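Trainee: I would like to learn how to read a protein model step by step. Could you take me through one, beginning with a helix?

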Amino acid sequence: MTNVIILSDRLMGEAKKLSSFIYSCADNMNVLGIAANSQEVMQLAKNHFVDFLIIVGYLRDEKSYGVVQELYEQNKNYTPVHYAMLDSLIFDLCEQYNISLRFDRTLPKAEFIDYLEKYKNYKYQRDLKTQKKMTTSLKNKKPGNPWPGFFSKFLKLFLNFLP
């Protein structure tokens with residue numbers, strides 16, 4: 001039996017749909033639970049063997065990506081998978097937090113199940129350089145305000161359409 005934990009703090013509806021799909025279609029997969037933060041993931045993983053940690057969408061609270069490191073430190077033999085709309089933000093997060101598997105959530109869920117089956121015996125390797133970089137970035141991370149950047153990009157786009 002393949003055990004998975006689903007983590008999402010932004011797309012809980014999508015996480016629930018994925019969980020329901022796994023329950024209904026994948027006879028050899030077990031969803032241990034859906035977590036909204038790293039503490040809930042750690043609680044779910046406490047007394048279970050975990051094969052996959054599925055991160056649905058990008059996480060609003062970037063500190064929650066620290067669970068990748070926490071599970072690793074507890075010698076959990078698992079593989080993190082990012083299930084999201086693949087864009088540059090997701091690729092950057094995957095590189096920063098050493099998430100080597102990713103799947104585009106706009107594709108059919110059945111293909112995602114096949115993807116997990118394909119990587120069921122994948123040997124997730126943590127790079128020590130990435131591990132140090134991740135720990136440092138979590139400690140020194142300052143909360144930012146994304147709105148100024150968003151509005152400046154929006155304004156530039158709007159101005160391009162003016163005659």
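This is a predicted model: local features need pLDDT of at least 70, side-chain atom pairs count only at pLDDT 80 or more; totals for chains, interfaces and linings use all residues.

Trainee: What should I look for at the two ends of the helix?

Mentor: At the start of H4, look for the side chain of aspartate 87, one oxygen of which reaches to within 3.2 Å of the backbone nitrogen of leucine 89. Just after H4, turn to asparagine 98, whose phi is positive, at about 55°, although this residue is not a glycine.

Trainee: Where is asparagine 98 placed, and is it buried or exposed?

Mentor: Asparagine 98 sits in the loop between H4 and E5. The cut-off for buried is under 20% relative accessible area, so asparagine 98, at 13% relative accessibility, counts as buried.

Trainee: How many bridges join E4 to E5?

Mentor: There are 4 bridges between strand E4, residues 79-84, and E5, and the two strands run parallel. To get from E4 to E5 the chain passes through helix H4, residues 88-96, and this β-α-β crossover is right-handed. Within the pairing, tyrosine 83 stands opposite phenylalanine 103 of E5.

Trainee: Which residues form the covered face of E5, and which the uncovered one?

Mentor: In strand E5, residues 101-104, Leu101 and Phe103 form the covered face, whereas Arg102 and Asp104 form the uncovered one.

Trainee: Which residues have the most contacts inside the largest nonpolar core?

Mentor: That core has 23 residues, and those with the most contacts inside it are Leu7, Val41, Leu53, Ile55 and Leu71. The elements that give two or more residues to this core are the strands E1 (2-7), E2 (29-35) and E3 (52-56), together with the helices H2 (38-45), H3 (67-73) and H4.

Trainee: What is leucine 53 in contact with, leaving aside its neighbours within four places in sequence?

Mentor: With those neighbours left aside, the contacts of leucine 53 include Ile5, Leu7, Val41, Val67 and Leu71, and also Tyr78, Thr79, Pro80 and Val81.

Methods
Residues are numbered from 1 along each chain as its sequence is written. Side-chain values use heavy atoms; hydrogens and water are left out. Buried means under 20% relative accessible area, exposed over 50%, partly exposed in between (1.4 Å probe, protein chains only). Two strands pair if DSSP finds at least two bridges between them. A crossover is right-handed if, with the strands pointing away from the viewer, the path from the first strand over the helix to the second runs clockwise. A polar contact is a pair of N or O atoms within 3.5 Å; within protein, one must be able to donate a hydrogen and the other to accept it, and residues adjacent in sequence count only if both atoms are side-chain atoms. A nonpolar core is a set of buried Ala, Val, Leu, Ile, Met, Phe, Trp, Tyr and Cys residues joined through side-chain atoms within 4.5 Å. Contact means heavy atoms within 4.5 Å.
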